[in-house]
Amino acid sequence: MYIVYLFLYITSVSQVPTPWLSARLHDRSAHGIAADVGQLIKHGDLTTGARMPPVRELAAALGTSPSTVSGAWRQLRARGMLTGGGRAGMVVGDDVRTPRPIRYGDDGQEGDWGQGARFPLNRSVPDPGLLPDLHTALIEAPASDDLNHYTRIPIVPRLAAAARAEWPYPAGDLMVANGGYEGLMLAVHTFLRPGDHVLLDNPATPRTRDILDAVGCRIHFLDRDSEGIRPDALAAALPLRPAALLLQPAWHNPAGTMMSERRRDELAAIIADHPLLVIEDDGHGPLVGEPVHCLGAVLEQQHLLVRSYSKSHGPDLRIAIVEGDRDSIERVRAFRDYGSGWTSRPLQEALAWMLTDAATQRSVALARDTYHRRRRALHAELVRRGVPVEEGCGLELWVPVRDERYAVVTLAAHQIAVVSGSRFTPADRPPHVRVSTGTLAEADAPEVAEALARAAQLPFDSSLRSSLRERGGSIDSRG
């Protein structure tokens, strides 16, 4: 027993002996190695901080290739069971709980700074007071023909017809998902595998990054300008033989831009001869109200467009529509049979009714105009105070700051919650904060802009700690 305790102590502070580990790995595939190591971690045989053997050394002991061991490490890293990499090697992590979206669940959504804030500008959400009347839609919508049957249909006919009428281009096959991010998650889990290279526009939403990390994909960020992803960045990444390209063609969160028709055609020409799946994420749907230039409109290869109706018609509809070529939609639909299989038919019928109802269309148009005014009001006040921020479009402003941590914490001390830009970008990019303006009253724009201007320009110093102590706050490790 003493020897067992001694071994556990040693493995918590030093490298795990290769012979000991290799003797306990019975399946020599990447998945099998990951499964066996996962069990050793789960049952406490490998404890937090234990350093794994070098990849080549373990591969030789197992009689397999270094790439197989590396693939196993990627799977475990995606689940939070291993951390590190490079020369430092892989070590057992201290977070082996149920997988969760770490970036999305930090200061952007559930973090301490956003709780009880007077101005909760950290969530990209619609104003509930500007959403159409869902109760009326549920009453007025026709009853579903298959109500309470276990018939798994991709989309009810009335919703398919209504969606095709307002789709950005002639739609291919359609299916419904329970919200935009479920549609994106289904697409990613259907087509992508651990180790796949995936191209992602920079910046990108935290939850998109979390979804790709959970699969074990290798993300490569593509710089963008006011028209979308830069063609030179896309062309430079293609030698990686990426499995997919993910981008936002409509209102971009958080950059606040839209892909132009010219840029769409330039990108389509670059990838025309490359076998990669294009996944486009439209998180605002009919709320945009202007032409959306999607790659799916001009591509002959596999593509998927995930269009959410949460911000335009209501998050409790839990509806996004996924469109694409027949083979891609069928594969996503088949994968969904592991879970829910279909989306509530009464909710689909309600959305179908709303998409064709004149009063609902006027409500969406009013919301669009109100959001534009709110964003413009804050933008104007920031520019007046010397903050160099682009007006853009949508529900966000992407505000440059000197120090993200200082800006987020200082604003929190003023009861203003925002999201640090590091959730959206690689670590080496200029610091920003995302400010969501959907629920910000125009009359409050000057007060918020004044606090933002101060937080954006001042360097991080000891005065922040004094200010927070006076307010009963503290500084933690969040960005």
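**Close-up views of a predicted model**

View 1. The bond from Asn253 to Pro254 is cis, and its omega is near 15°.

**View 2. A cis bond between Asn202 and Pro203.** The peptide bond that joins Asn202 and Pro203 is cis, with omega about 5°. Pro203 belongs to the loop between β5 (197-202) and α9 (206-215). Most peptide bonds are trans.

**View 3. Asn148, a non-glycine residue with positive phi.** Asn148 is not a glycine, yet its phi is positive, at about 70°. The loop that holds Asn148 runs between α6 (134-140) and α7 (157-166). With a relative accessible area of 71%, Asn148 counts as exposed, because the cut-off for exposed is over 50%.

View 4. Phi of Arg318 is positive, about 50°, although the residue is not a glycine. Most residues other than glycine have a negative phi. Arg318 is partly exposed, and its relative accessible area is 38%.

**View 5. Helices α15 and α17 where they cross.** Helix α15 covers residues 358-384 and helix α17 covers residues 445-457; their axes come within 9 Å and cross at roughly 45°. The crossing of α15 past α17 is right-handed. On the α15 side, the contact is made by Ala377, Leu378, Glu381 and Leu382. On the α17 side, the residues are Ala445, Pro446, Val448, Ala449, Leu452 and Ala453. Sorted by class, this contact has 9 nonpolar residues, 1 charged residue and no polar ones.

View 6. Three strands form an open sheet in the order β12-β15-β14, and the pairing is antiparallel. β12 (396-400) and β14 (419-420) are the edge strands; each has a single partner strand, so one side of each has no neighbour in the sheet. Strand β15 (residues 432-436) pairs with β12 in the antiparallel sense over 5 bridges. Val399 stands opposite Val433 of β15. Helix α15 lies across β12 and β15, and runs at about 15° to β12.

Conventions:
Residues numbered from 1 in each chain as written. Predicted model: local features only at pLDDT ≥ 70, side-chain atom pairs only at ≥ 80, totals over all residues. Heavy atoms only, no water. Axes fitted to C-alpha atoms, helices over the stretch in contact; angles between N-to-C directions. Helix = DSSP H or I, 4+ residues; strand = E, 2+ residues; numbered from the N terminus. Left-handed = near helix turned anticlockwise from the far one by under 90°. Contact = heavy atoms within 4.5 Å. Nonpolar A, V, L, I, M, F, W, Y, C, P; charged D, E, K, R; others polar. Pairing = 2+ DSSP bridges. Buried < 20%, exposed > 50% of the residue type's maximum accessible area, 1.4 Å probe, protein only.
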